Amino acid sequence: MEQTPKANRVHIGFFGRCNAGKSTLINMLTDQPVSLVSEVAGTTTDPVSKSMEILPLGPVVITDTAGIDDTTELGTLRMEKTEEVVKKINLAVYVLRTDEDPTADDMHWLGLLKQNNVPIALFINEINAENDIENNKENSIENKRDTSTYVDVHKGLSELATVIGSANFTSKAKRLELLDLLGGLTPLDVEGDQTLLQGLVEEGDTIILVCPIDSAAPKGRLILPQVQTIREILDYKGLALVCQTEELPAMINSLKKPPKMVICDSQAFDRVDELTPDTIPLTSFSILMARFKGKLQDLVAGVEAIKNLKPGSKVLISEGCTHRRQCDDIGTVKIPNLLKKQGYTDLQLEFTSGGAFPKDVSQYDLIIHCGACMLTRREVLRRIECAVVQGTPIVNYGVLIAALHGILERAISPFLSELKG
């Protein structure tokens, strides 16, 4: 991979009122004109994102949001977009100004971030502090407050924020100091040191990856889970062998000793199961992703609901990415056809993709989710929790396909000790 995928980066959201200085701060931290800066309230409308590196956090995605006091005609819709950002980020930066007291809106959004367990860096924009002193301007007490006084006056702020920093955001003098404060936070729900193949591969192990190339495969490249798996095998100093489905027997027979494991695309599960000796562990990229991004236990538990599907049952099929649908698209074509083939007919199927995911999932009898390689772990866990709390069973593509082909026990056998724990 040329760069870290967005889904594997730490996501940082910037929040605050209109003209608090969010966009100016982002431009200062990134040292680039990422966000449009203007004195006109409501300049930032939809969330704007920028990828960069912040040590020791590493690769991050910074998202600038609309002012939380946006009173324009589209303000309500923009606040809904901002609320979606809250549910997806791993860290938050909340911006206030020394010349303005925190409002009820500020406290509401700070409380919402706290309620979602998002670590908060409160950065305070020191408005005209130096210029006012030099020019001996007549200012109110509030305008002359330094940051420590500001925080002392509003004691509730220190109870909500994890760290507090201040600067005149038009100056770069404190850029490194603020980056250090931000980099010192512990992000919420990130993979951390966990890896896709943790506990499964050791130095010298041979892993066979079965990657079918059909009309739905991207032209000229492998899909992200396949690339990530190859990279991790190399990181563990293992041997990654790649083939298509029908070439699998020849590859196995060419080896002096059996491979440590076979990992396949879930769409080829049934055929790969037939071609792989029972003595060789088998799983899929989708199931690895379920373990890496979310809670495999909950996704496996959802399998029981498949047996209860009947004509009229409502099923949500959700994908984390957006792409042009092909004639044999897995989510909209192959999985519905597989369900029909297994006798689950006349289901009410609904589809979502990308960032769309219903708040109310209680209406569904089952949720079938993709492997979520394009979503952050935070977002995947949120979706799983949403389903579990509302009592709606949820599975992912790999778990569902393995179950429908009667090979789920084999497909999850490498993780049995984890599932029992």
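Biologist: Before we start, what are the ground rules?

Modeller: Residues are numbered from 1 along each chain as its sequence is written, and side-chain values use heavy atoms, with hydrogens and water left out. Since the model is predicted, local features need pLDDT of at least 70 and side-chain atom pairs count only at pLDDT 80 or more, while totals for chains, interfaces and linings use all residues.

Biologist: How many helices and strands does the protein have, and what makes a stretch count as one?

Modeller: There are 18 helices and 14 strands. Both are DSSP runs numbered from the N terminus: helices are H or I with at least four residues, strands are E with at least two.

Biologist: What share of the residues count as buried, and what does the word mean here?

Modeller: Buried means under 20% relative accessible area, exposed means over 50%, and partly exposed is in between (1.4 Å probe, protein chains only). By that rule, 51% of the 421 residues are buried.

Biologist: Why is the pair Glu246 and Arg271 called a salt bridge?

Modeller: The term asks for a side-chain nitrogen of Lys or Arg within 4 Å of a carboxyl oxygen of Asp or Glu. Here the N to O distance is 3.2 Å, so the pair qualifies. A search of the whole structure finds 16 salt bridges.

Biologist: What makes you say that Glu246 and Arg271 tie parts of the chain together?

Modeller: Glu246 lies in the loop between strand S8 (239-243) and helix H10 (248-253), and Arg271 is in helix H11 (residues 269-275), so the pair joins parts that are 25 residues apart in sequence. Glu246, at 47% relative accessibility, is partly exposed, and Arg271, at 33%, is partly exposed as well.

Biologist: Which residues does Arg410 form salt bridges with?

Modeller: One partner is Asp273, with the closest N and O atoms 2.7 Å apart. Arg410 lies in helix H17 (residues 408-411) and Asp273 in helix H11, so this pair ties together parts 137 residues apart in sequence. Arg410 also forms a salt bridge with Asp278, where the closest N and O atoms are 3.9 Å apart. Asp278 sits in the loop between H11 and strand S10 (282-284), 132 residues from Arg410.

Biologist: How do you know whether Arg410 and Asp278 are buried or exposed?

Modeller: Arg410 has a relative accessible area of 15%, so Arg410 is buried. Asp278 comes in at 70%, so Asp278 counts as exposed.

Biologist: Why is helix H16 described as largely enclosed?

Modeller: Seven of the eight residues of H16 (residues 397-404) are buried, so the rest of the structure largely encloses the helix. Among the buried ones are Tyr397, Val399 and Leu404. Just after H16, Gly406 takes a positive phi of about 75°.

Biologist: What makes helices H1 and H8 roughly perpendicular?

Modeller: The axes of H1 (residues 22-30) and H8 (residues 175-183) come within 9 Å and cross at roughly 95°. Axes are lines fitted to C-alpha atoms, for helices over the stretch in contact, with angles from 0 to 180 degrees between N-to-C directions. Angles under 35 degrees are roughly parallel, over 145 roughly antiparallel, 65 to 115 roughly perpendicular and the rest oblique, so H1 and H8 get the perpendicular label.

Biologist: Which residues of H1 and H8 meet?

Modeller: Contact means heavy atoms within 4.5 Å. Leu25, Met28, Leu29 and Thr30 in H1 meet Arg175, Leu178, Leu179 and Leu182 in H8.

Biologist: Where is Arg291, and how do you know whether Arg291 is buried or exposed?

Modeller: Arg291 lies in helix H12 (residues 285-293). Its relative accessibility is 11%, so Arg291 counts as buried.

Biologist: Which backbone oxygens does the side chain of Arg291 reach?

Modeller: The backbone oxygen of Leu196 at 3.3 Å, and that of Gln198 at 2.6 Å.

Biologist: Where is Asp31, and which residues does Asp31 touch?

Modeller: Asp31 is in the loop between H1 and strand S2 (48-54). Not counting residues up to four places away in sequence, Asp31 touches Lys172 and Arg175. Asp31 and Arg175 are 144 residues apart in sequence and 8.9 Å apart in space, C-alpha to C-alpha. At 42% relative accessibility, Asp31 counts as partly exposed.

Terms used: Polar contact = N/O pair within 3.5 Å; in protein donor to acceptor, adjacent residues only side chain to side chain.
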